[in-house]
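The structure is shown first.

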Amino acid sequence: MNLIMSFRFLIPFFTALLLHRLPITQSSYHNYPDALSKCILFFEGQRSGYLPSEQRMTWRGHSGLGDGWTVNTDLTGGYYDAGDNVKFGFPMAFTTTMLAWSVIEFGQYMPASELQNTLVAIKWATDYLLKTVSQPNRIFVQVGDPISDHSCWERPEDMDTARTVYAVDAPNPASDVAGETAAALAASSMAFRSSDSGYADTLLQTATRVFSFADSYRGAYSDNSNIRGGVCPFYCDFDGYQDELLWAAAWLRRATQGDTYLNYLQDNGQTLGANDNINEFGWDNKYAGLNVLVSKEVLEGNIYSLQSYKASADSFMCTLIPESPSSHIEYTPGGLIYKPGGSNLQHATLVSLMLLVYAASLERSSQAVNCGSVSVSPAMLREVAKRQVDYILGDNPKGISYMVGYSYYYPQRIHHRGSSLPSTKDHPQFIACKEGSVYFNSSGPNPNVLVGAIVGGPGENDEYDDDRDDFRKSEPTTYINAPFVGALAYFAANYPSG
C-alpha cells in the first residue's frame with residue numbers, strides 16, 4: 001500500500017475521532033444538492049424492465065422482460081425493492097407515495113433537472129402500478145418467488161428463478177396493498193398535475209377505482225392463503241389494513257378536494273384507529289404519516305372536524321423532541337433515531353420528511369406544537385430533521401456517509417446483487433444461481449457503485465462494519481431513499497452551506 005493509499009484509509013479514522021469529540025448539534029459542511037442528485041439517481045439502479053437509452057446507471061441492463069407472461073399480463077417495469085430481484089407491490093407503492101409527497105411539498109425547491117428526474121422515477125413506478133390494477137376487481141401484488149430468489153446470488157439480468165405472479169381477486173381482500181396503491185396514484189396525480197394533466201387524470205381516476213376495491217373487500221392481503229407463502233415474512237401486513245384505508249382516503253381528499261373523502265375521514269377515523277395515537281410510520285403502518293397529512297387541512301384549511309388527526313400529529317411530534325416531557329423515541333449515542341428490527345435508517349428518513357412537512361404547515365399558519373411545558377416551533381422541528389439528515393451524510397461517530405457515493409468514505413460492500421456482481425458489460429457470460437456466491441463471500445468492494453443508495457444503517461450503539469452478509473445494516477431499500485428526496489430538497493434550498 002503506497003503512502004497516498006495509506007493516508008486515504010487513515011482519513012476516516014481521524015474524521016471519526018474528531019466527530020466523536022463534537023456535540024451532536026454541530027455539523028460539518030454538507031453538499032445537499034449533490035446528495036439530492038445521488039439520492040434520486042439511486043432509483044435507476046433498482047429498475048426492472050427494459051431500460052431506456054438515457055439510463056444513467058449504465059452498469060445495469062434489461063431484466064424481468066417476461067414478467068407476467070404466466071398470467072397473460074404485461075407486468076414488466078417497476079422496481080426491485082432492495083438488494084434482491086423481487087417486485088413486492090406493498091413497499092413499491094409506499095415508495096411511490098413518498099416520492100410523490102417529496103415533490104408535492106418540496107418540489108419547488110428542486111432544480112428543474114432534478115425535479116424532472118424525480119418525476120421520471122415516480123413514473124417508472126406508477127406505470128407499473130397501473131398495470132397491476134388494470135383488470136377489474138383484481139390486483140397483482142408481487143412478481144417473483146422470494147424463496148427461490150433469496151437462495152441465489154444472481155444479477156437481475158441473469159435471473160432464472162421463478163417469476164411467480166401473486167394476485168388477489170375479489171371478494172378476497174387486499175385493503176392494504178390496494179389502499180397504498182390508491183394513495184400512490186392519487187399523490188402522484190398531484191405531482192404530475194402541472195406538467196402532464198392527462199397522465200394525472202389517468203392516475204387519479206384509477207386511484208378512485210382502486211380505493212373502492214380496497215374499501216369494499218376489507219382485510220389484509222397476506223391473510224389470503226395463496227398469497228401468504230410468497231409475501232411473508234418479508235412484507236406481511238403485520239399492523240392491519242385500517243391505516244391504509246384512511247391513508248388512501250386522505251390522499252384522495254387532497255388530490256380531489258372532494259367532500260366524499262373528507263366525510264370518509266370524519267366518519268371512519270375513530271373506527272379505523274386514527275385516534276389511537278400510534279406513533280409509527282413506515283411501509284406497513286401509516287398512522288403517524290396519515291395524521292401529519294390530514295393536519296394540513298386543520299392548520300391551513302381550518303377544517304376543524306379533523307382536529308383529532310392534528311392532536312395525534314402533535315403527540316407524535318412531541319415524542320421526537322428530546323426536551324419534551326413526552327419524548328420516548330430512542331436515540332443512539334451519536335444522535336440517530338433508533339428502532340429495533342433492521343433497516344433502521346428508514347425511520348430516520350421518514351421522520352425527517354414528516355418533521356419538515358409539519359414544520360411547513362405550522363409556519364404557514366403561524367403555530368407551534370404544545371408539548372406540555374415546552375413550546376416547539378417549526379425551527380425546532382427542522383433542527384431535529386437536520387440532525388438526522390446530517391448523521392446519515394457523515395456527522396456520526398464513525399464519520400461515514402451512509403449514502404453510497406456521497407463523500408469519500410461510504411459503504412463499499414452493500415448487500416445488493418447487481419452492485420456486488422460484475423456487470424454484464426464487464427462479464428457478459430451468464431452467472432448462475434450458485435456461481436454468484438464467490439462474489440457474495442468476497443471481502444472486496446462491490447464492483448458497481450450503486451450511487452445514492454442509503455443502506456440499512458448502524459445499530460443502537462452507532463456500530464457499522466460494512467459487511468455484505470449483514471443485510472439488516474448493509475442492504476439499501478427504495479423506501480429508505482424516497483422520503484430522503486424531500487428532506488434533501490428542502491435543505492439543499494434552505495441550507496446551501498450545510
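In this predicted model, strand S1 (residues 87-88) runs antiparallel to strand S2 and is joined to S2 by two bridges. Within that pairing, Phe 88 faces Gln 142 of S2. On S2 and strand S3 (residues 165-169), five bridges form a further antiparallel pairing, where Gln 142 has Tyr 166 of S3 as its bridge partner. S2 itself spans residues 138-143, and five of its six residues are buried.

Helix H14 (residues 378-393) packs against helix H18 (residues 478-494) at an angle of about 110°, with the axes 11 Å apart. H14 is therefore roughly perpendicular to H18. Residues in this contact include Arg 382, Lys 386 and Val 389 of H14 and Phe 484, Leu 488 and Phe 491 of H18. By class, nine of the contact residues are nonpolar, two are charged and none is polar.

The model has 27 aromatic pairs. Two of them are set out below.

| Pair | Centre distance | Angle between planes | Class |
|---|---|---|---|
| Phe 106 and Tyr 109 | 6.1 Å | 20° | stacked |
| Phe 211 and Tyr 261 | 5.9 Å | 70° | edge-to-face |

Phe 211 lies in helix H7 (residues 197-216) and Tyr 261 in helix H10 (residues 259-268), so this pair links parts of the chain 50 residues apart. Phe 211 is buried at 6% relative accessible area, and Tyr 261 is buried at 11%. In the other pair, Phe 106 is buried at 2%, whereas Tyr 109 is partly exposed at 32%.

Phe 88, the residue opposite Gln 142, also belongs to an aromatic cluster with Phe 90, Tyr 221, Phe 234, Tyr 235, Trp 283 and Tyr 479.

Methods. Residues numbered from 1 in each chain as written. Predicted model: local features only at pLDDT ≥ 70, side-chain atom pairs only at ≥ 80, totals over all residues. Heavy atoms only, no water. Buried < 20%, exposed > 50% of the residue type's maximum accessible area, 1.4 Å probe, protein only. Helix = DSSP H or I, 4+ residues; strand = E, 2+ residues; numbered from the N terminus. Pairing = 2+ DSSP bridges. Axes fitted to C-alpha atoms, helices over the stretch in contact; angles between N-to-C directions. Parallel < 35°, antiparallel > 145°, perpendicular 65-115°, else oblique. Contact = heavy atoms within 4.5 Å. Nonpolar A, V, L, I, M, F, W, Y, C, P; charged D, E, K, R; others polar. Phe/Tyr/Trp six-rings, centres within 6.5 Å; stacked < 30°, edge-to-face > 60°.
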